[in-house]
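Below are some notes on the model, in numbered points. Please read them alongside the coordinates.

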Amino acid sequence: MRKYELIAPCHFGMEALLKREIDDLGYDITEVADGRVTFFGDEEALCRGNIFLRTAERILIKVGSFHAESYEELFQGTKALPWEEYIPEDGKFWVAKAASVKSGLYSPSDIQSVMKKAMVERLKEVYHVSWFSEEGARFPIRVFLMKDQVTVGLDSTGESLHKRGYRKLVAQAPIAENLAAALIMLTPWNGNRILVDPFCGSGTIPIEAAMMAAGMAPGMKRNFTAESWPGVVAPKVWRDAREEAEELVDLQVKPDIQGYDIDDHMVSIARENARLAGVEHMIHFQRRDVRELSHPKKYGFIITNPPYGERLHDKEQMPALYKIIGERFRILDSWSMYLISAYENAERDIGRKADRNRKIYNGMMKTYYYQYLGPKPPRGQASSEEPR
């Protein structure tokens with residue numbers, strides 16, 4: 001199989017998690033940078049990366065990199081890349097996204113336009129044509145400029161990997177599926193421990209937890225752009241990767257996962273999303289106000305994404321809401337709580353400084369992941385793995 005250098009972008013702050021996932025799949029890491037991890041792999045790695053990685057945004061084939069401080073250098077550097085090795089004569093190709101940091105070239109639209117022209121010139125010379133129909137398979141390209149170093153990637157994924165395929169209905173401010181998975185992976189929770197999300201919204205955190213407990217690969221039920229690329233990835237490689245994923249699923253597991261929301265409609269949405277994910281039998285969703293948060297069992301986990309007060313009319317409600325969160329958590333005296341929020345007074349109003357916190361970007365919004373660590377359960381009662 002042909003070898004590639006593959007780039008996996010991720011949420012800022014999640015690089016170490018993604019690196020561990022790629023290590024666990026058995027691939028060699030070549031670089032860990034802000035917001036992405038690069039690794040070597042073949043066609044199988046491309047397919048398995050798309051299907052198995054929980055915290056990645058997408059998988060790119062690195063076409064090449066070069067230095068460019070002017071648009072002429074960008075044009076010539078792009079034209080020098082071997083586009084014909086990937087894009088057939090009838091392929092539809094375009095620069096889907098350009099990002100620039102600390103570089104002389106900073107206009108995304110100009111970068112996209114210049115690179116498209118360069119690609120056209122290269123392929124015109126290779127295929128001996130003056131015009132392209134672009135009626136065939138789609139080949140989106142993504143480019144990153146960092147300190148005038150241009151990195152060019154061919155997007156094998158299409159819709160971001162956080163689109164697992166199960167979330168047809170969403171809350172007003174849903175958390176991305178890959179970020180929800182990352183939040184769970186940053187805790188010592190496993191399928192033998194209780195997990196409660198008292199602000200479950202459309203159910204993303206409970207659903208991602210149930211998928212982990214059942215060993216369900218996040219991308220096993222969706223399609224990818226590279227599946228239609230002739231001569232790049234053989235259909236059999238995709239089939240084999242999906243069969244591998246299916247063999248790892250255990251729907252007989254019985255985790256104790258619960259999702260609460262104050263809105264009956266959101267509870268209905270969460271149940272439907274869980275059904276579409278195939279994990280509805282593993283999660284108990286219920287309409288419940290956070291004021292009623294309680295649980296008879298010990299050593300459980302709260303993992304949640306409460307309101308941040310982003311909208312002006314909600315801000316005045318935040319102190320009371322976070323005070324209630326703190327009060328209910330104190331009643332669960334053997335539990336741990338992991339809470340992501342952009343609300344600046346979260347710790348003050350909860351009434352306790354977090355044992356740890358971690359800066360995470362939820363999209364472009366800076367948030368903190370507050371980690372309140374409860375006692376370990378007695379040996380043998382449940383997993384006592386240390387938080388990561």
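1. In this predicted model, helix α3 meets helix α4 through Tyr71, Leu74, Phe75, Thr78 and Lys79. On the α4 side the residues are Asp110, Ile111, Val114, Met115, Lys117, Ala118, Met119, Glu121, Arg122 and Glu125. Contact means heavy atoms within 4.5 Å. By class, this contact has 8 nonpolar, 1 polar and 6 charged residues. Ala, Val, Leu, Ile, Met, Phe, Trp, Tyr, Cys and Pro count as nonpolar, Asp, Glu, Lys and Arg as charged, and the others, Gly among them, as polar.

2. The axes of α3 (residues 71–79) and α4 (residues 108–127) come within 8 Å and cross at roughly 40°. The two helices are therefore oblique to each other (under 35 degrees is roughly parallel, over 145 roughly antiparallel, 65 to 115 roughly perpendicular, the rest oblique). Their crossing is right-handed, that is, the near helix is turned clockwise from the far one by less than a right angle. Axes are lines fitted to C-alpha atoms, for helices over the stretch in contact, with angles from 0 to 180 degrees between N-to-C directions. Helices (H or I, at least four residues) and strands (E, at least two) are DSSP runs, numbered from the N terminus.

3. Helix α4 also lies across β5, β6 (138–146) and β7 (149–155), and runs at about 140° to β5.

4. The open sheet has 7 strands, ordered β2-β3-β1-β4-β7-β6-β5, with mixed pairing. At its edges are β2 (29–33) and β5 (92–101), each pairing on one side only. Two strands pair if DSSP finds at least two bridges between them. From one strand to the next, the twist averages 30°. Strands β1 (residues 4–9) and β4 (residues 60–67) pair in the antiparallel sense over 2 bridges, and Ile7 stands opposite Leu60 in β4.

5. Helices α5 (residues 177–185) and α6 (residues 204–213) pack at about 65°, with axes 9 Å apart. They are therefore roughly perpendicular to each other. The residues in contact are Glu177, Ala180, Ala181, Ile184 and Met185 of α5 with Thr204, Ile205, Glu208, Ala209 and Met212 of α6; they divide into 7 nonpolar, 1 polar and 2 charged.

6. The chain averages a pLDDT (the predictor's confidence in each residue, from 0 to 100) of 94, and 96% of the residues score at least 70. Over residues 383–388, pLDDT stays under 50, and the model has 16 contacts beyond four places in sequence for this stretch. Where pLDDT is low, the predicted coordinates should not be read in detail.

7. Residues are numbered from 1 along each chain as its sequence is written, and side-chain values use heavy atoms, leaving out hydrogens and water. Local features need pLDDT of at least 70 and side-chain atom pairs count only at pLDDT 80 or more, while totals for chains, interfaces and linings use all residues.
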